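Good morning. Please look at the structure on the screen, and I shall then speak about its packing.

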Amino acid sequence: MLPTTLDEAVSALSAVPAAVPVAGGTDLMAGVNSGQLRPAALVGLGRISEIRGWQYLDGHALLGAGLTHARMGRPDFAALIPALAASARAAGPPQIRNAGTLGGNVVSAAPTGDTLPVLAALEAALVVAGPEGSRREIPVSHLLANVEMLRPSEVVGHVRVPLLHAPQTFLKATGRTGPGRALASVAVVLDPVRRGVRCAVGAVAPMPLRPLEAERWIASLIDWDGERGLAPEALSAFGDYVAMACIPDPPPSEDGGEAPVLPPAAFHLRRTVATLARRGLGRALA
């Protein structure tokens, strides 16, 4: 089935409840090829032109769910949302970036999804199309945390992102589990209007983590009316604060014995997160 509008896609999914929507298919086909998925039918979203671009709306960017990583990585998009463009450029080899879509990255909700920490830090929301022309919004963080889920026949049409017009960064460390796959990633976004710092850490947990206390602490140290620079010691402390919040020490043993030690792999991951957070904030403030 190849609908040409979101409402047609919703109708197709309503007619065949077991059908699965597919855009780029990078995650879906990996599941099919590995034998983990056997969809009864597919509803292709590739011909829906309304989800392949973006528009401005009341201080927000309304991004089509069908935007590919390759398209988001171009300079014109990077001028709009720099961190999201950086995450799109980091999303694996060219064949993945050319096929993979923003909506697919969100709905698949893979812990290593590169756009997810950026969307979490930007506090983005999904615009979901449903039966009878209905539209509703779901915060991206709610979907990733399973607080709110897509209902039967619903399709993600757009992602609404606030335009902050302020520095933002995305950094990623890759492991050995595949080309371009994140071992850890960090998005840092400045919000000068609210005098805030937003940070989200990806790949270290099932969903991006927001170290809210670390955000509030570092924001209190920034001279928002001045040059906004911070001493290296403050940047390092922020990195450590973020890393400890996302990868905490093991709880003490109940029998009062020797305190458990963080495994070497987790300790290395914590150091990686600290480095990414420190560098990300430093670049945003530069």
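In this talk, contact means heavy atoms within 4.5 Å. Helices (H or I, at least four residues) are DSSP runs, numbered from the N terminus. The model is predicted: local features need pLDDT of at least 70, side-chain atom pairs count only at pLDDT 80 or more, and totals for chains, interfaces and linings use all residues. Residues are numbered from 1 along each chain as its sequence is written, and side-chain values use heavy atoms, with hydrogens and water left out.

I begin with a pair of helices. Ala 83, Leu 84 and Ser 87 in α5 meet Thr 115, Val 118 and Leu 119 in α8. The axes, which are lines fitted to C-alpha atoms over the stretch in contact, come within 8 Å and cross at roughly 170 degrees for α5 (residues 82-89) and α8 (residues 115-122). Helix α5 is therefore roughly antiparallel to α8, a term for angles over 145 degrees between N-to-C directions, on a scale from 0 to 180.

I turn now to the interior. A nonpolar core is a set of buried Ala, Val, Leu, Ile, Met, Phe, Trp, Tyr and Cys residues joined through side-chain atoms within 4.5 Å; buried means under 20% relative accessible area (1.4 Å probe, protein chains only). The largest such core has 71 residues, and among those that touch the most other members are Leu 63, Phe 77 and Val 242. Its largest share, eight residues, comes from helix α12 (residues 264-285). Apart from this core lies another, of 13 residues, including Ala 9 and Val 43.

Finally, Phe 77 touches Trp 54, Leu 63 and Arg 71, among others, not counting residues up to four places away in sequence.

Technical notes
Buried < 20%, exposed > 50% of the residue type's maximum accessible area, 1.4 Å probe, protein only. Helix = DSSP H or I, 4+ residues; strand = E, 2+ residues; numbered from the N terminus. Parallel < 35°, antiparallel > 145°, perpendicular 65-115°, else oblique.
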